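Dear colleague,

I am handing over the structure below, followed by some notes on what was found in it. Please read the two side by side.

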Amino acid sequence: MTKAKGTGRGRRGGERRTSRRQTPAVDPRPLVVDIRSIGAGGDGVADDDGRPVYVPYTVPGDRVEVRPVASVAGGVRADILSFEAEGPHRVPPPCRHFGTCGGCALQHLDDTVYVDWKRGRVVEALARQGLGEVPVGAVVRSPASARRRATFAARRIGRDVVLGFNAAKSHLILDLAECPVLRPALVALLPSLRDLLRTMLEAMAAADVVVTETAAGVDLVFVMGREAGLDDRERLAGWAAENDVARVSWQGAEDVVEPIAARRPVTLSWGGADVAIPAGAFLQATAEGEAAIVERVLAATSEAARVADLYAGCGTIAFPLAASAKTVHAVEGEAGLVAAIERSAGAFSGRVSAEQRDLVARPLTVPELRRFDAVVFDPPRAGAAPQARMLAEAGVPTVVGVSCNPATFARDARTLVDSGYRLREVTPIDQFLWSPHVELVGVFSRDGS
Ligand SMILES: C[S@@+](CC[C@H](N)C(=O)[O-])C[C@H]1O[C@@H](n2cnc3c(N)ncnc32)[C@H](O)[C@@H]1O
């Protein structure tokens with residue numbers, strides 16, 4: 001039996017964790033406010049005597065009567081009671097769930113304002129670190145129906161199973177009927193997944209289902225919080241065949257993923273390597289976003305002979321780098337992903353190597369870094385502070401940062417710039433359509449080079 005490390009997303013013991021943090025009481029008397037801007041979380045922001053009022057689903061120019069419902073970061077969050085006037089950039093949202101589903105925050109904005117806002121998030125994060133003069137390019141977009149990976153939440157309630165995304169600002173689950181963001185093959189599985197989960201979930205029990213569309217078909221991890229019984233295995237194998245999915249795996253109480261039905265090899269092709277993807281592995285959210293990231297990394301490192309790819313995942317960036325670099329060294333924390341790179345590295349005659357390493361506890365050291373002409377780093381949301389400090393000291397000629405969090409990227413960029421790097425350009429990449437998230441690629445070189 002092959003076992004891989006878990007998705008890291010599952011609940012333990014089958015129950016959803018809920019926050020019991022108390023929010024200070026607010027005065028719930030209605031206010032009339034004018035929305036002036038959109039905040040970092042995608043809510044409209046008004047000013048009430050110097051206190052910001054955050055109103056979800058509003059646009060600049062809206063005049064709304066609202067009821068304050070919670071204290072948040074120096075202000076209040078308020079719900080709309082009625083509209084007195086609508087701003088000029090409001091458009092009808094394309095999805096029937098908009099306003100209740102927690103997946104999207106910005107479908108009601110016209111496209112120009114939406115894309116300016118995403119770019120603005122990157123510009124503001126850089127400015128807060130004193131990097132306001134850095135050129136920020138146009139946002140590279142992913143279209144609707146492009147997101148290939150998602151985690152659905154499920155709960156048995158009475159005879160039914162609700163399955164979808166968490167409702168906005170809530171732990172309740174919205175029963176998803178459509179989604180203009182996801183790949184159609186993922187949405188099409190919802191009814192049959194609901195039927196399946198009805199047979200596997202006890203009363204009030206909860207689960208997550210991680211779904212990924214690949215060229216071989218859909219790959220699913222059922223995060224169940226309990227071990228799989230014989231019945232579960234038979235049901236899942238039958239369901240996988242009926243729905244012609246590529247692979248079905250189970251994550252129980254431990255953080256371990258066990259394939260139950262592996263019907264076709266789940267591989268992705270990067271730079272001439274066919275990489276077998278472990279169940280639940282990180283992948284960029286859209287193929288379009290991934291292509292844009294890889295293109296920019298390759299353009300920035302085309303002169304480099306020896307390249308390191310830090311936080312390498314399954315090799316999304318490392319294998320394409322091998323087209324121009326003499327050697328590529330991929331470093332990644334998860335053993336299963338390192339093994340996936342190593343299995344495919346054989347075809348590169350020793351030019352691609354992989355290393356398992358925790359880059360927070362043990363970042364690449366200055367002497368190690370000095371062996372490379374270029375270093376790429378693509379950390380999770382927390383950023384790469386310890387590694388950025390080492391890079392700053394090592395002075396590798398070219399550094400490329402890929403990030404899903406402009407704030408931590410800007411912090412790490414500041415560390416590099418303070419040591420003599422120039423942040424030449426930043427490209428915002430929108431893989432999470434209509435959400436507040438934005439990703440980016442930033443290219444650094446030593447001053448004067
Ligand atoms: C944003 S993903 C990028 C993956 C890859 N570059 C790609 O484009 O698909 C971040 C990666 O960092 C890995 N990671 C997270 N924490 C880490 C750590 N402390 N040390 C090393 N790798 C880590 C994750 O397993 C994940 O593969």
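**The ligand and its surroundings**

A polar backbone atom of Arg357 lies 3.5 Å from a nitrogen atom of the ligand, a polar contact being a pair of N or O atoms within 3.5 Å. Taken alone, the ligand exposes 590 Å², of which the protein buries 87% (accessible areas come from the Shrake-Rupley method with a 1.4 Å probe). Please note that this is a predicted model, in which local features need pLDDT of at least 70 and side-chain atom pairs count only at pLDDT 80 or more, while totals for chains, interfaces and linings use all residues. Residues are numbered from 1 along each chain as its sequence is written, and side-chain values use heavy atoms, with hydrogens and water left out.

**Gly41**

Gly41 sits in the loop between β2 (31–38) and β3 (44–48), strands being DSSP runs of E of at least two residues, numbered from the N terminus. With a relative accessible area of 48%, Gly41 is partly exposed, that is, between buried (under 20%) and exposed (over 50%), using a 1.4 Å probe and protein chains only. The C-alpha atoms of Gly41 and Pro436 are separated by 5.6 Å, although these residues are 395 apart along the chain.

With kind regards

Methods. Helix = DSSP H or I, 4+ residues; strand = E, 2+ residues; numbered from the N terminus. Polar contact = N/O pair within 3.5 Å; in protein donor to acceptor, adjacent residues only side chain to side chain.
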